[in-house]
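This report covers helix packing, domain arrangement and the chain interface, in that order.

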Amino acid sequence: MSQYLLRRILVSLLVLFTVSAGSFVLMHLAPGDPVYVYVNPEKRNMSPESLDALRHQLGLDRPILVQYLFWLRNTLEGNWGYSVKSRAPVLREIASRLPNTLLLSFASLILAVVVAIPIGTLSAVKQYSIVDYLSTIGAFVGISVPSFWFALILIWLLSVKLGWLPSTGMRTLTVELTGGAAMLDVIRHLVLPVVVLSLAQMSEWTRYVRTALLEVLGQDYIRTARAKGVPESMVTVKHALRNALIPVITIAGLSLPALVNGAYVVETIFGWPGMGRLGVNAIMARDYPVIMGVTMMSCVVVIAGNLLADLAYVVADPRIHYA
Amino acid sequence: MTVRKMLAIACLVSCFAAAVCVGLLGSSSAPDEKYGGTLVWGVSDDPLGGLCPILTNGGTDLFAYGFSAQPLSWGGENYPAELRPILATSWEVSPDGLVWTIHLRSGVNWQDGKPFTADDVLFWAQTIQDPATGAEWFRERFYVDGLPFTFEKIDAYTVRVTTAAPVDNLMSSICVPLIPAHYFIENNISNSEIATSPANVSGGLGTGPFRIAEYRPSEAIILERFDGYWRGRPYLDRVVLRIIPDPDAMLSALLSGEVDWTMIAVNQIPQVKKSAACDVIAIPVDAAYSIALNSTKPMLADKRTRHALMEALDRRAIWENVSMGYGQILYGPWIPVCTAYEDLPDYPYDVAAAKALLAEVGWLPGPGGILVAGNVAGVVPGTRFRLEYWVTRVGDAFPTLVQAYWRDIGVEVEQKFTESSVFFDENMGKADKPFDVYTVRNGFFGPSAGNYSDLIGSDAAASMYSYANSQVAALFDQASHAASPAEADVYYKQAGRIIWDDLPILPLFQRTALWAYNTRVQYADAVVSASLLGVFENPELLWVKK
């Protein structure tokens, strides 16, 4: 196992280097000058000399290879550079938003799991029943509904019309709240974005759980367990579900990067200060240092997510062993 | 009278007296209702460039400076055009126009309690003028003919500014919020480090009624009341600039009461008007919509062609359709806040006249109703009259309207969608710009037409509209050396008439800022302005009904 881990780490380093170089070059080859995002000529026309001075100040006038080597050296030293847009350290930009994204993502993940596993299980166990049909319809609607439309409908109904929940932001800013009141305030603000974000996920996972469980329930060992007189609930939960969850673990591991990258649409509509907005806005603004920071972080998370998923197989299925 | 009766009367009299006192106190406490509360202002994006006012690039941070920072005078770069003394109380200029003496306001403190003095003005000026600072948005405004203005301290509250050539609108030119010298000196922050210093990243000190207390990235900028403000304690305790990127979500937040004040689009007005708790005010701004034509292209080189394209547009209908009648139609190249603005002869909507002009130029009817070149100078005979309209913003209504109008006169318009940074990258600084047509949203030039010099009047490469006219350039040069703004305006008006005849741009209408607000916000005394550096002239007088 240790040799396996060592091999994975070495391969990961190679992947990180390749992704960083490729991203850096592609980013600089894309059309558009970051200076014109920074200083819109429609609001203030500047002389070519001033624009050159700005490029120099932002370090954009050096050859791409030199810029990359500077970036690589600084990154290895822990300095991820400064955002072109905000002039703040890239690490600060990420650190100020990552916890918000993790909160939103994990809350939606938990909601998706809590809803998908029981409903998927029930749907499989009571196949072709009214429960199964309703959950199938619900899942397809959940997958098909555009998240931005669903978000606006919820805001209109629950915030504007009924006034039950806040429509935007992560917390109330008009008063200073502390302790339990602050936590409750964040939870209230979390409800709508979590529901929207988890809808597609829980719909998909409901279908995965149903399909996987149906396959397992048809296996011989399940028939044997029933023949031995094991209660149906124990057959389903203890024997069938555990095996049926293996593909679900795969999907969960692969969805880890999405948890960190955030969800741009949901964050934009709800004004949630997360990584999704940071990444997309950095791309629109040609904010090269932030783009690199977010890209490398995503890369690390993808690599870690795959590794965790592979290790989770070993736990879930004792037959799996890595040399 | 018995003692008991006397005591009863005394008691009654005392109660009556107490009631009168309470009544008087009650009436005298009415102004107290204005104090306290928070105003939540919806903005669409994080600050661009940080929160130090000298480094602004025209983003959300401008709204923050309107509450926290102040310039020497208000106006010029801003709207309205007349100058109002703020941190400067008065100023004089020498007869030759080269020396300005500026008298500063005493008794003003920075938000950390330290006094504002001439040292701050000198520090602020040299910081902006130093290329290492990167204050490119403002640096050139502290120069004339390539030479920097020289700032000298006469005494603690008097500064002398010497220029290499007369600058008639100097106070407008240097209308940039001040920054505190002592903060940067005491913290050993060099000019090149200001951009990445906490003053820019998290917000620094100003002399305004509210100080930037906290910046939460992608969430909000929080400003707290400054009790030591030189005009007196502000009414509000706090102003929160809440960042909500989506316009529909912003409107929802306003209608649900989570946001008190925000800018909206024209098509959102009906929904706001339906709400009993919200209302809209429209303020004309120093900005306009125009259609830019690349007059260096052979198809657009002939002035008659540009006249035809102008007469083929029903500008009133466009104004009513896009702006719902807000703002005003332009009859000149400048925006009305410009002192050189004058109403020039209209180009009336006349399709027949437009077609006749194009026929005169040499365009002939072609297949599909699109004109083809006959004997058009510089155009290969048989070429279809086809223009590429570069579209840089989602939801830009003008390209489709222009496409329809010009189709009526046989001009085919194809929309080319591109990002604005790509557009500027491919067109800026080039004499042979590739664009044919694009929508211009320029603004914030102030009362002097000289501020338009980079757009019109230099050369085709430097001009955003690819427009070069030696007569106009000469008039601009004469105006820049004029002895007074009135004399300069004589030259600018002549230039304006030439440009209106040349039509390198097709001015449509002046823009309007549409502010939607919750009616609990009381802004009358604060006075809404269309200034670049703040929406309220007196933000300390803003208050909210509890």
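Predicted model: local features only at pLDDT ≥ 70, side-chain atom pairs only at ≥ 80, totals over all residues.

In chain A, the axes of helix α6 (residues 130–144) and helix α8 (residues 179–217) approach within 8 Å and cross at roughly 140°. Axes are lines fitted to C-alpha atoms, for helices over the stretch in contact, with angles from 0 to 180 degrees between N-to-C directions.

Residues are numbered from 1 along each chain as its sequence is written, and chains are lettered from A in the order in which they are written.

## Domains of chain A

The assignment, automatic or from a database, gives domain 1 (2–76) and domain 2 (97–316) in chain A. Their C-alpha centres lie 33 Å apart. The contact (C-beta atoms, placed from the backbone, within 7 Å) takes 13 residues from domain 1 of chain A and 10 residues from domain 2 of chain A. On the domain 1 side, α1 (2–29) and α2 (34–38) of chain A each supply at least two residues; α1(A) gives the most, with nine residues. Helices are DSSP runs (H or I, at least four residues), numbered from the N terminus.

## Interface with chain B

Between the chains, 49 residues of chain A are in contact with 54 residues of chain B. Helices of chain A that each supply at least two residues to this side include α3 (48–57), α5 (90–125) and α7 (147–161).

Methods: Contact = placed C-beta atoms within 7 Å.
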